[in-house]
Amino acid sequence: MNRLRVPLFIAIAFVVIVLLVPVLGLQDPTAMDVAGRFAGPSAAHWLGQDEYGRDVFSRLLWGARISLFVALSASLIACVIGVTLGLLGGYLRGWAELFCIRSMDVVQCFPPLLLALLVVTLAGPGAGTLIPTLAIVYLPGFVRVTYAGVLQVRNQDYVDAMQVIGAGRTHIMLRTILPNIMGPVIVQVSLATAAAIMLESGLSFLGLGVVPPTPSWGLMIGAARATMAQSPLLLIWPCLALSLTVLLLNALCDGLRDVLDPRGRSPVRAAFLKDAFFGRAPRVASQP
């Protein structure tokens with residue numbers, strides 16, 4: 001629990017600040033002040049001004065709001081759909097398993113960035129396109145984690161008991177199996193959110209993500225690249241914000257796995273992925 005407390009507290013504080021951005025009285029992130037171009041940090045502009053004289057601190061916080069909204073929305077959509085498909089494929093087996101699991105193999109044939117570039121190029125940039133695109137990219141992870149969990153618990157005694165008393169398939173999947181496999185699913189949400197923030201920033205950097213003048217960390221990094229020799233701080237601030245956010249989410253993921261892992265195993269992400277995809281070997285009782 002100690003491993004989770006600090007990143008969880010910081011993550012909650014970060015989310016609260018992001019939600020309160022509209023009422024914090026920040027400067028307009030799109031307001032230009034040509035006379036103040038490339039101005040350094042000051043009392044009026046804590047992190048300085050960019051190439052158009054816009055307040056960097058305000059744009060960082062508004063960019064965090066956009067990035068977090070896109071990443072969380074995509075992760076939750078992928079979670080709902082992926083858990084549903086994983087439950088159906090793992091419990092019903094047969095044709096349901098063939099459709100739910102093998103269809104994800106087709107999606108995984110494409111590298112995430114290439115698939116996102118393809119969809120965004122065809123549908124056009126914007127947050128409305130990014131959310132379903134990122135949901136499709138990270139959908140297979142949720143399906144496979146849920147599917148692996150269902151295979152581990154579907155033959156347990158408590159599941160057999162529910163079948164004996166006449167419980168329906170939907171009731172067994174939602175009320176009996178799902179609560180017992182939610183640990184890896186919750187960890188997968190934090191992993192997908194961190195990856196989605198990175199991918200959204202990369203697409204925005206390429207001009208295929210958030211549409212200007214809406215603030216975005218990727219847009220800020222892309223714009224600062226051309227002026228980094230003149231004002232390197234404009235490149236440092238969004239890169240630092242992006243790096244710290246991803247590190248925070250990774251620490252939160254490790255802490256969640258440490259708490260939710262019933263076997264108390266070491267919180268190593270490689271071990272988690274191995275357990276999720278290939279199952280866990282049963283423990284062998286030590287001989288006296």
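Analyst: A crossing is left-handed if the near helix is turned anticlockwise from the far one by less than a right angle, and right-handed if clockwise. Please note that this is a predicted model: local features need pLDDT of at least 70, side-chain atom pairs count only at pLDDT 80 or more, and totals for chains, interfaces and linings use all residues. Residues are numbered from 1 along each chain as its sequence is written, and side-chain values use heavy atoms, with hydrogens and water left out.

User: Which hand does the crossing of H2 and H3 have?

Analyst: The crossing of H2 and H3 is left-handed. Helices here are DSSP runs of H or I with at least four residues, strands are runs of E with at least two, and both are numbered from the N terminus.

User: At what angle do H2 and H3 pack?

Analyst: The angle between H2 and H3 (residues 94-108) is about 135 degrees, and their axes are 7 Å apart. Axes are lines fitted to C-alpha atoms, for helices over the stretch in contact, and angles run from 0 to 180 degrees between N-to-C directions. H2 and H3 are therefore oblique to each other; angles under 35 degrees count as roughly parallel, over 145 as roughly antiparallel, 65 to 115 as roughly perpendicular and the rest as oblique.

User: Which residues make that contact?

Analyst: H2 contributes Leu85, Leu88, Gly89 and Leu92, while H3 contributes Gly94, Ala96, Glu97, Cys100 and Met104. Contact means heavy atoms within 4.5 Å. By class, the contact of H2 with H3 has 6 nonpolar, 2 polar and 1 charged residues. Ala, Val, Leu, Ile, Met, Phe, Trp, Tyr, Cys and Pro count as nonpolar, Asp, Glu, Lys and Arg as charged, and the others, Gly among them, as polar.

User: And H3 with H5: how do their axes cross?

Analyst: The axes of H3 and H5 (residues 127-153) come within 9 Å and cross at roughly 140 degrees. That makes H3 oblique to H5. H3 passes H5 in a left-handed crossing. Among the residues in contact are Ile101 and Val107 of H3, and Leu139 and Tyr147 of H5. By class, this contact of H3 with H5 has 9 nonpolar, 1 polar and 3 charged residues.

User: Stepping back, how many helices and strands does the chain have?

Analyst: The chain has 11 helices and 0 strands. Of its 288 residues, 45% count as buried, where buried means under 20% relative accessible area, exposed over 50% and partly exposed in between (1.4 Å probe, protein chains only).

User: Changing topic, how many aromatic pairs are there?

Analyst: A search of the whole structure finds 1 aromatic pair. Trp46 and Phe57 form this tilted pair, at 5.1 Å centre to centre and 45 degrees between the planes. Rings of Phe, Tyr and Trp (its six-membered ring) pair if their centres lie within 6.5 Å; planes under 30 degrees apart count as stacked, over 60 as edge-to-face and the rest as tilted.

User: Is Trp46 buried or exposed?

Analyst: Trp46 is exposed, with a relative accessible area of 57%, whereas Phe57 is partly exposed at 23%.

User: What about Glu51, buried or exposed?

Analyst: Glu51 is buried, with a relative accessible area of 12%. Glu51 lies in the loop between H1 and H2. Leaving aside neighbours within four places in sequence, Glu51 is in contact with Arg37, Phe38, Ala223 and Leu234.
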